[in-house]
Amino acid sequence: MNTHTAARVQRPDAKDVADLVTLLTADYGERALTSRSIRDQHSHGEGLADAGLPDVVVFPHTNEEVAAIVRLCHAARVPVIAFGVGTSLEGHVAALYGGVCIDLSQMNRVLEVNAEDLDCRVQAGVLREQLNAELKGTGLFFPIDPGANATIGGMAATRASGTNAVRYGTMRENVLGLTIVTPDGRLIRTGGRSRKSSAGYDLTRLYVGAEGTLGVITEIQLRLYGVPEAISAGICQFESLEGAVQTVILAMQHGIPVARIELLDDVQMEACIRYSKLEGLAAKPTLLFEFHGSEAGVAEQVAQMQAITEEFGGSAFEWATKPEDRSRLWKARHNAYYAAKAMQPGKQVFATDACVPISRLADCVLETKADADATGLCAPIVGHVGDGNFHLCVLFDPDAAGERERAEGLARRISLRAIAMGGTCTGEHGVGVHKLDALVAEHGEAVDLMRTIKRALDPLNIMNPGKTVPL
Amino acid sequence: MLDPAVHAQLASVLPDSALLTSAEETKPYECDGLTMYRELPAAVALPEDEAQLVDVLKQCHASNVPVVARGAGTSLSGGAVPHKDGVVVAMAKFRNILSIDPVACTAVVQPGVRNLAISSAAAPYGFYYAPDPSSQIACTIGGNVAENAGGVHCLKYGLTVHNVRRVRAVLISGEVVEFGGDALDSAGYDLLALIHGSEGLLAVTTEITVKLTPKPQTAQVALAAFADVGAAGAAVAAVIGAGIVPAGLEMMDRSATRAVEEFVHAGYPQDAAAVLLVEADGTPEEVAAEMAEITRVLGAAGATGIRVSKDERERLLLWSGRKAAFPAIGRLTPDYYCIDGTIPRRALSHVLGQIEALTHQYKLRCANVFHAGDGNLHPLIMYDANVEAERVGAEAFGAEILELCIDVGGTITGEHGVGIEKLPQMCVQFREAELECFLAVKSAFDPKSLLNPGKGVPTLSRCAEFGKMHVHHGALPHPELPRF
């Protein structure tokens, strides 16, 4: 538990909570649950378990229901924790001080798709794979793809990113507007249908990445893209990690509009080969590429890219042009976290999330690799690298003496190394409870402002307390 | 008049030449590009470095003196108009490009650097700075951040907020803070985005790290003529709907093209009701493929004539008409009033039809020039400021256009900001709870409300005065809420 916040928040009075639970079960019947198993299921994401059971889990269906629930919590001064499908990695959904978990998974409708304007509006509980399935046939797609099949609401709240951020940006660039329930239970709309607006402060981007600490996101207006005319995916293997990283740096400098560049180190490659039964590939540092565009454009991008990989000792490209081959390849990448976990069954795992300027990428990856090797832990590297972001899945045995400390020490050094190189401790997973100290190291004085904003917008500190900003 | 004690404090932290107080000296600062609003400040401070700026802000903060930061004064919404009892902090001396990093594709610049100067400095490395507001020869990057400026190329390359990595700024308290970072992402609340478009209400920037974009190898523009404005609007939707993201997608109606043709002789068709300019950029192969698709879509959408630039000279000639649109209109009328509403693209032809109807109602001419790809309209209402009825009519006409934009789900300002000009429409676009969020953000940065007061975000009581808050088209938003 983080020392910054523990002292600042108090558990609400037990009687207030009990009264609130009674009210909620009266209003929502079977959509307000208090069983131990449901509460337990809603106490953690996919990262390390954090102590913190909510007192009740409510499943609203409408914006107005969310607002009504928050109004009750506001009146009773009870914490509110919004929940999507629980795939976050930094303890975002742990109910550190108890409270009401608002599970938005039943608000799962795509409300409108405007093909002409290349946008859509969805409820917060829509899953990213569901959205793309519903967009099939429109010629449009939504590109942001974190490893997990997360909800759009959760992705907005954590400012998620994915394998093709290098081309399409992160949630920051792709959320056009939001419907928010404020901490006092009022509905507001930010941004909107138009592509640009300079009216008022950019509340949309303030709430994107606020991790539920300023309000509950209930609807999201998203930017969509035309499915490219041609898509081509290739694999290139390298003798050295450095060669792979230098390839990425040069490609970015040349402005090659690659849609995806993923780096997997030898250890991660071994894990993926085993877990996803990939054939014909060696456990060597590897880059996965995907190119989007017109036929001519893709051919040209590929030629430019191959010239660079050859320079750094890359193998000939293996190609996956058929959609099913491509999905197998990316499925393997998306399962990297689970593949890493399967390397040493029974061990616990957490993912680091450093992101550095592209000019420092080689330094950061290579120093981190050496650091990880020195710990003796299994910590494969995988990353989007085109945007400077990479992850280590650090495996450790919580019962083995000193392993947890070694793992946490490695994670801390990775965060600080990235920050020292002008980067960030989190490219896409967010701060949650685990990176509050790193946030202070990264932003210094600006954290005071974040704190002041939190207090100004949520004076009672009921929205996901104990996360994102140390109070 | 500046309080003598405050004057003495400011004089003690600034060089003699950097504090102006006489009317002759402060006159050049009385307005910005929207000249209908003018005010002389009590003083103008021209700090030379961050330390002096910190001292000026600290003194003003301690003495409760309003501060208005100013770049080149090209803004179009009155955002840089001085406060009569306040100090204008002119950032003209922050004019150095501190570094260019061709590996990281970034440049670190001071806020008083002109937009175009960044591209010029980056050119030897094969880079440029993508956002290109029409005023890019004059406007400063600090002002671009404050207004979240766009431009012709922002459809493909994004607004200022998409092209800035890090901002160093001073709060009114004198505290120096940094937002964002050198990497693409940054932890915690997105304060970097909050600063963009905050119109000088939150902080004064002192250093900006911008992203540089590799210069495209080549570019080509198509000029397409249409027999009616609705067809041109539909063609815009067809281009975007075909999955093309042009480097620029601009539209001008007949009033605009005629004015331009007389001025720069770019060869625009004079009989067309509207023209589109559609640009493709990239490698020669990409441009050829995209331009073929663009001309196909434009033809299918009913273009009566399409001219594609054959070389760079012709491309620049075709663009010269668009870039010169504002001065060209300026030759036709003593004054014009530029509106900045933004609408969903599919409402384009509806809104243009309504604007046409309004020209008859107000008996004022209006030329339409706009970033069609973004749905960002710039109707230019022509009037004579010396004729009271025309001046009043132009303001009312403009206000109606903005409310029309809100009606179709758009916004009152795409890139020029709210400033003083659009405060009443803010009360129409946003509900009370939304305005309260804005005010909470403001109070977190500037609890005494000393930075650029009276701009950007209206207070709730101001909205009540405007009478805009209570009824919008007969529907009371959130009738359950208590009203003031």
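What span should the 13 residues of helix 8 of chain B have at 1.5 Å a residue, and how far apart are its end C-alpha atoms? The first legend gives the answer, and every view is taken from a predicted model.

**View 1. Helix 8 of chain B, residues 229–241.** At 1.5 Å a residue this helix should span 18 Å, and its end C-alpha atoms are 18 Å apart, so the two values agree. At its start, a side-chain oxygen of B:Asp228 comes to within 3.1 Å of the backbone nitrogen of B:Gly230. After the helix comes B:Gly243, with a positive phi near 85 degrees.

**View 2. Buried residues of helix 8 of chain B and their surroundings.** The buried positions are B:Ala231, B:Ala232, B:Gly233, B:Ala235, B:Val236, B:Ala237, B:Val239 and B:Ile240. Among the elements of chain B that these buried residues pack against are strand 12 (218–226), strand 13 (248–253) and strand 14 (274–282). Helices of chain B also take part in this packing: helix 6 (154–157), helix 10 and helix 13 (348–362).

**View 3. B:Ala259 in helix 9 of chain B.** The helix covers residues 254–264. B:Ala259 has a relative accessible area of 3% and is therefore buried, as the limit for a buried residue is under 20%. Leaving aside residues up to four places away in sequence, B:Ala259 touches B:Ala328, B:Ile329, B:Arg331 and B:Leu332. Between B:Ala259 and B:Ile343 there are 25 Å in space, C-alpha to C-alpha, and the two are 84 residues apart in sequence.

**View 4. Helix 12 of chain A, residues 295–311.** From first C-alpha to last, the 17 residues reach 25 Å, close to the 24 Å expected at 1.5 Å a residue. Buried here are A:Gly297, A:Val298, A:Glu300, A:Gln301, A:Val302, A:Met305, A:Ile308 and A:Thr309. Within chain A, the buried residues pack against helix 7 (165–168), strand 12 (230–237), helix 10 (241–253), strand 14 (286–293) and strand 15 (318–320). They also pack against helix 10 (284–300) of chain B. Just after the helix, A:Gly313 has a positive phi of about 75 degrees.

**View 5. Packing of helix 10 of chain A with helix 12 of chain A.** The helices pack at an angle of about 145 degrees, and their axes are 9 Å apart. The crossing is right-handed. From helix 10 of chain A, A:Thr247, A:Leu250 and A:Ala251 meet A:Met305, A:Ile308, A:Thr309 and A:Glu311 of helix 12 of chain A. By class, this contact has 4 nonpolar, 2 polar and 1 charged residues.

**View 6. A:Asn164 in a loop of chain A.** The loop runs between helix 6 (152–157) and helix 7 of chain A. A:Asn164 counts as buried because its relative accessibility is 3%. With residues up to four places away in sequence left out, A:Asn164 touches A:Pro143, A:Ile144, A:Asp145, A:Gly169, A:Ala259 and A:Arg260.

**View 7. A:Thr375 in helix 15 of chain A.** This helix covers residues 361–375. The relative accessibility of A:Thr375 is 8%, so A:Thr375 counts as buried. Its side chain reaches the backbone oxygen of A:Ala372 at 2.5 Å. Not counting residues up to four places away in sequence, A:Thr375 touches A:Arg406, A:Leu410 and A:Arg413.

Key. Residues numbered from 1 in each chain as written. Chains lettered and ligands numbered in written order. Predicted model: local features only at pLDDT ≥ 70, side-chain atom pairs only at ≥ 80, totals over all residues. Heavy atoms only, no water. Helix = DSSP H or I, 4+ residues; strand = E, 2+ residues; numbered from the N terminus. Expected span 1.5 Å × (residues − 1). Buried < 20%, exposed > 50% of the residue type's maximum accessible area, 1.4 Å probe, protein only. Contact = heavy atoms within 4.5 Å. Polar contact = N/O pair within 3.5 Å; in protein donor to acceptor, adjacent residues only side chain to side chain. Axes fitted to C-alpha atoms, helices over the stretch in contact; angles between N-to-C directions. Left-handed = near helix turned anticlockwise from the far one by under 90°. Nonpolar A, V, L, I, M, F, W, Y, C, P; charged D, E, K, R; others polar.
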